[in-house]
Amino acid sequence: MHEQAILMSARKTLSVKIRRFLAVGLANTAVDFAVFALLVGVSVLFANLAAWAVALSFSYMVNSRWSFDRTRRHREAFPRFAVLGALVSLGVSSLALVVFAPFVGIWPAKIAGTILAAILNFIVARWAFEGGSGSGPDT
């Protein structure tokens, strides 16, 4: 019943979605960087994967309830969010670490990958939760 209430809530404007996504993104980045910092001594790519997994869970929980007008049930939205998140955020941040870390260091590469991934993630998250239909008051 609770899930149906969320799915039927009033629609948010695009500017509200962007502001909320940015707020969640800042908190999510703190989660990601904290886990990464704890594990980076083990392996850079392992730390990046573990940090991404923890941050993905946090991001899904908050964005699906607060940032977007979720029109999909969790069993449909989460796999979309996770798979596309893996391709976009994990892929971009891992690529940035592999390509740029030898030249600029681990943390500048991680930050650059995170910024690029954040921009792409808004589009991915919106599609995962709402279907990106392009209709409604936020287009």
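User: What follows α5?
Analyst: In this predicted model, Gly131 comes after α5, and its phi is positive, near 90°.

User: Which residue follows α4, and what is its phi?
Analyst: Gly105 follows α4, with a positive phi near 105°.

User: Back to α5. Where is its kink centred?
Analyst: The kink in α5 is centred on Asn121 and amounts to about 35°.

User: How far apart are the end C-alpha atoms of α5?
Analyst: They are 35 Å apart. Helix α5 covers residues 106-130, and its 25 residues should span 36 Å at 1.5 Å a residue, so the two values agree.

User: And what about the ends of α4, how many Å apart are they?
Analyst: The end C-alpha atoms of α4 are only 39 Å apart. This helix has 31 residues, 74-104, and a straight helix would reach 45 Å at 1.5 Å a residue, so α4 falls short of that.

User: Where does α4 bend?
Analyst: At Gly85, by about 40°.

User: Different topic. At what angle do α2 and α3 pack?
Analyst: Helix α2 (residues 14-39) and helix α3 (residues 44-67) pack at about 155°, and their axes are 8 Å apart. Angles over 145 degrees count as roughly antiparallel, so α2 is roughly antiparallel to α3.

User: Is that crossing left-handed or right-handed?
Analyst: α2 passes α3 in a right-handed crossing.

User: How many nonpolar, polar and charged residues are in the contact of α2 with α3?
Analyst: That contact has 19 nonpolar residues, 5 polar ones and 3 charged ones.

Definitions and conventions. Residues numbered from 1 in each chain as written. Predicted model: local features only at pLDDT ≥ 70, side-chain atom pairs only at ≥ 80, totals over all residues. Heavy atoms only, no water. Axes fitted to C-alpha atoms, helices over the stretch in contact; angles between N-to-C directions. Helix = DSSP H or I, 4+ residues; strand = E, 2+ residues; numbered from the N terminus. Parallel < 35°, antiparallel > 145°, perpendicular 65-115°, else oblique. Left-handed = near helix turned anticlockwise from the far one by under 90°. Nonpolar A, V, L, I, M, F, W, Y, C, P; charged D, E, K, R; others polar. Bend = angle between axes of the 7 residues up to and from the residue.
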